[in-house]
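The sequence and the structure are shown below.

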Amino acid sequence: MTPAALLYSAGLMGCLALAGGGYGGLYTWSRMRLNAGLRYTAFVCYGLVLLFAVLIAASTPLAPVWKTLVVASALIYALVPPLTWRFLVKMHEPGEQHP
Amino acid sequence: MSIQEPGFWRAGAISTTAVMIVVLIFLSIDSIQVISAGGANVPRYDVINQQIGYRYDWTRRMDVPVIGGPEPLFGTVYSETGAQALIAKGKLVIQSRACMDCHTFFGNGAYYGPDLTKSWLDPAWSQIWMPATGAKTREDAMVMFLMNPDRYPTWTRQMPNLQLTREEAQAAVAYLKWMASVDTNGFPANFGMKQP
Amino acid sequence: MYRSQKLALHYFAAAVIFFGVMTLFGLLSALYYLYPSMLFHTFDFQMSKIMHIDTLVIWLLMGMLGAVYWFLPKELGREVKGIWLAEILFWVFCAAVVVVALVFLFVQYGSSDQFSMWFINQGRKYVEAPRWAAIGIVIVMLVFAYNVIGTAIATRRMTGILWVLCIDLVPLCLVYLDAFPQFTNMSVDLYWWWWLVHMWVEGTWEVLIGCIMAWMLMEVAGTSRRIVETWLYIEVMLVLGAGILGLGHHYFWIGTPQYWLSIGGFFSALEPLPLLGMVVHAIYDAGTHHLKTTNQPGFYWITAEAFGNFIGAGVWGFMMTLPQINLFSHGTQWTVSHGHFAFWGAYACGVIAVLYVAKQKTSGIDYLSGRAWKWGFGLLNFGMLGMVMGLLLAGMAQAFYGRAMGGSTLMAFTQSSENPWFVSGMWARTGFGVVFALGYIVLVYDLVTATRRMPKAVAPPEPA
Ligand code: HEM
Ligand code: HEM
Ligand SMILES: [Fe+2]
């Protein structure tokens with residue numbers, strides 16, 4: 001790995017995780033608030049997740065296994081916040097009420 | 001059992017944890033064999049009687065230690081038990097002075113001083129400290145430096161004098177030589193092969 | 001109030017004091033990088049770093065013990081079993097910490113024999129305390145375990161949170177036994193040492209703070225027990241499912257077999273997921289309650305804990321956890337950046353949240369807010385954020401110039417340390433460290449006086 005590629009790859013990994021967090025957090029918040037703007041921002045974050053994953057796969061010297069891991073988890077991750085949301089709602093149903 | 005039931009997740013937590021612990025135990029049994037002195041990655045302590053190098057291995061695609069021919073330390077060929085005793089002393093020196101709270105070993109510790117993993121192979125010994133101390137060999141320069149680091153500084157951040165006796169300094173040097181022979185999967189990369 | 005809760009208040013006070021000591025020695029440690037000849041041969045860097053990281057472990061441990069002593073009697077509706085023993089041990093614990101600190105300050109180190117290991121300095125990172133003191137900590141932890149488990153047995157009642165806590169205490173105490181042995185072989189030494197360090201911060205402590213946060217959510221947000229317990233099980237499953245083998249990210253370069261590169265990389269790459277789960281849950285709970293709370297600072301610090309844990313541990317860890325990257329970032333200020341952010345987010349914020357909740361309950365105030373806590377919150381988090389950014393910059397410069405380009409020799413190390421990026425990073429870290437320290441002062445001021453400044457009974461304002 002060249003020095004420049006090192007910082008580039010690490011930076012992309014960090015951005016990937018941050019964008020993933022943005023998608024998860026904003027998606028949940030948008031469902032709480034029934035706010036379409038927030039939902040839109042959440043999907044933009046997910047778009048960034050995909051973008052960073054593609055950049056990692058296409059332009060870093062990481063080994064193929066790691067690239068596969070990154071791309072596969074980025075794709076699977078699309079479903080995680082919606083499923084978590086459904087689960088949270090179900091879990092809260094009998095007891096508490098949410099708006 | 002439905003996924004809304006706490007019991008479902010309790011069972012999941014217990015079984016996942018149990019599986020991971022079992023896997024970790026098996027891996028640890030194997031790893032400890034590999035890293036015991038004389039194991040696949042960590043040479044016996046009497047490796048200090050031999051030459052030690054560090055070279056890029058094209059099949060493994062990483063830097064690996066190379067154990068060469070005889071090269072006695074301090075002009076002595078140590079027996080296996082003698083080497084073991086010396087290295088054990090070296091480790092006590094390293095712990096008692098808390099070297100690890102300024103330096104890193106295999107990259108673990110503190111970051112105020114340089115990493116000592118391959119310090120034995122550092123070109124600084126021949127380029128800076130052998131001339132500075134007037135010592136004839138690398139190990140003698142190392143002993144002199146470790147006994148009086150404040151006398152031979154190379155830059156603003158200095159190593160303090162930690163009151164090492166000659167025996168303690170020699171034991172620490174033996175320790176560093178042995179450590180340089182450990183196969184660390186290529187860390188640090190390109191050691192001493194590039195100039196900044 | 002239960003005696004156990006009074007004891008908790010003692011633990012909280014001690015934690016806050018040691019937090020201050022830690023901050024002081026953090027600032028001192030940072031100054032050596034700027035003024036290397038400072039205190040030369042009087043009090044060198046290594047002793048300052050030891051004081052900093054050992055008091056770090058102590059204050060967080062005290063904060064978390066305090067939190068459990070606080071919530072336990074409420075959970076079971078009864079005084080904690082054997083509380084008198086715990087009360088005595090609190091003072092023994094404090095006295096031992098002070099004695100060890102005095103030895104570190106004035107004796108500093110010994111010669112290379114077992115005497116030094118028993119009475120002066122063991123020289124193993126985070127567990128430098130001499131063995132006699134380590135035995136003391138084991139005793140404190142054993143009595144703590146006895147308090148928790150004994151109380152549960154005495155009431156013949158177990159809750160889900162308590163099950164998790166009791167089971168978690170076993171490995172938490174067991175891995176601490178790692179503080180005793182003196183291995184000759186550095187690879188073997190580090191192998192077991194990481195069981196202590198990683199299994200604490202990414203395993204047993206994470207579960208412990210999970211239990212404490214579960215109680216906090218019930219207390220502050222009124223979430224139902226069934227929900228927090230279900231969520232706790234999920235967290236435990238994910239944290240330990242990824243974290244136990246995630247241990248492998250410390251086994252890349254210490255002589256261990258090459259398979260750890262794949263195992264460690266894979267499992268630790270999964271570790272951020274449960275941390276994100278906590279963020280999602282925090283957002284959900286905040287939303288269900290319309291951000292309405294009777295304890296503003298407590299609520300904000302819980303939120304900071306969730307976000308800080310995810311970003312500091314999750315994102316900062318993820319950045320450098322693949323072996324190809326870690327080969328260069330390993331053992332640089334990059335590591336320090338992650339270490340600060342993660343400890344801050346995952347544990348420090350959580351402990352501070354508990355302090356505020358306990359504060360409110362002890363003074364019987366209906367609604368806790370004010371202005372000072374906001375300053376404390378802002379300065380501490382802003383200071384920490386600035387510090388970790390400075391450290392990241394410095395660490396990247398070291399990885400770039402020192403490791404990837406220079407090849408990690410003394411020459412490469414010195415040159416990367418003189419690089420302007422590195423130097424600016426060190427200045428930034430120190431400057432923001434001062435901001436952080438100011439935040440600490442405000443925090444203490446607020447913790448001492450907040451309830452005096454608040455009226456006794458005031459209805460919380462309507463949500464925005
Ligand atoms: C005023 C604020 C602080 C300053 C200036 C500061 C400074 C430092 C310095 C100089 C080191 C030594 C790093 C090295 O070996 O080069 C260090 C280590 C460390 N500090 Fe702090 N610190 C501060 C606050 C904190 C806080 C609040 C925490 C945790 C909540 C913390 C946790 C740690 C940890 C875990 C290490 C060990 C990191 C490692 O060696 O990888 N520090 N700190
Ligand atoms: C609560 C959570 C965490 C805390 C408190 C924490 C703290 C720390 C600390 C203090 C260190 C420095 C250890 C030392 O050398 O003394 C460290 C190292 C490390 N952590 Fe974490 N961490 C956490 C979670 C994570 C996660 C989730 C990841 C991965 C995604 C991660 C990846 C790493 C890696 C790769 C290193 C090694 C750095 C190096 O090579 O020098 N950590 N962590
Ligand atoms: Fe770890």
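In this predicted model, a distance of 4.2 Å separates the iron atom of ligand 2 from the iron ion, ligand 3. On the protein side, the iron atom of ligand 2 has a single donor, NE2 of C:His338, at 2.0 Å. C:His338 belongs to helix H13 of chain C.

Ligand 2 is placed between chains B and C. There are 28 residues around ligand 2, and those that come nearest are C:Lys125, C:Tyr126, C:His330, C:Thr335 and C:His338. Three helices of chain C each supply at least two residues of this shell: H7 (186–221), H11 (296–319) and H13 (333–363). The most is given by H13(C), which contributes seven residues.

| Side chain | Distance to an oxygen atom of ligand 2 |
|---|---|
| C:Lys125 | 2.6 Å |
| C:Thr335 | 2.6 Å |
| C:Asn326 | 2.8 Å |

Two of the side chains in the table, C:Lys125 and C:Thr335, are also among the residues that come nearest to ligand 2.

**Interface of chain A and chain C**

Chain A brings 38 residues to its contact with chain C, and chain C brings 40 residues. Between them, the two chains bury about 3300 Å², of which 82% lies on carbon and sulfur atoms. How many salt bridges does the rule find across the interface of chain A and chain C? The rule finds zero salt bridges there. For polar contact, three residue pairs are found across the interface of chain A and chain C, both residues having pLDDT 80 or more.

On the side of chain A that touches chain C, helix H1 (3–33), helix H3 (64–77) and helix H4 (80–92) of chain A each supply at least two residues. H1(A) gives the most to this side, with 19 residues. By class, the side of chain A that touches chain C holds 25 nonpolar, eleven polar and two charged residues.

Conventions: Residues numbered from 1 in each chain as written. Chains lettered and ligands numbered in written order. Predicted model: local features only at pLDDT ≥ 70, side-chain atom pairs only at ≥ 80, totals over all residues. Heavy atoms only, no water. Near = heavy atom within 4 Å. Polar contact = N/O pair within 3.5 Å; in protein donor to acceptor, adjacent residues only side chain to side chain. Helix = DSSP H or I, 4+ residues; strand = E, 2+ residues; numbered from the N terminus. Donors = N, O, S within 2.8 Å, 3.2 Å for Na, K, Ca; no water. Contact = heavy atoms within 4.5 Å. Buried area = accessible area lost by both parts, 1.4 Å probe. Salt bridge = Lys/Arg side-chain N within 4 Å of Asp/Glu carboxyl O. Nonpolar A, V, L, I, M, F, W, Y, C, P; charged D, E, K, R; others polar.
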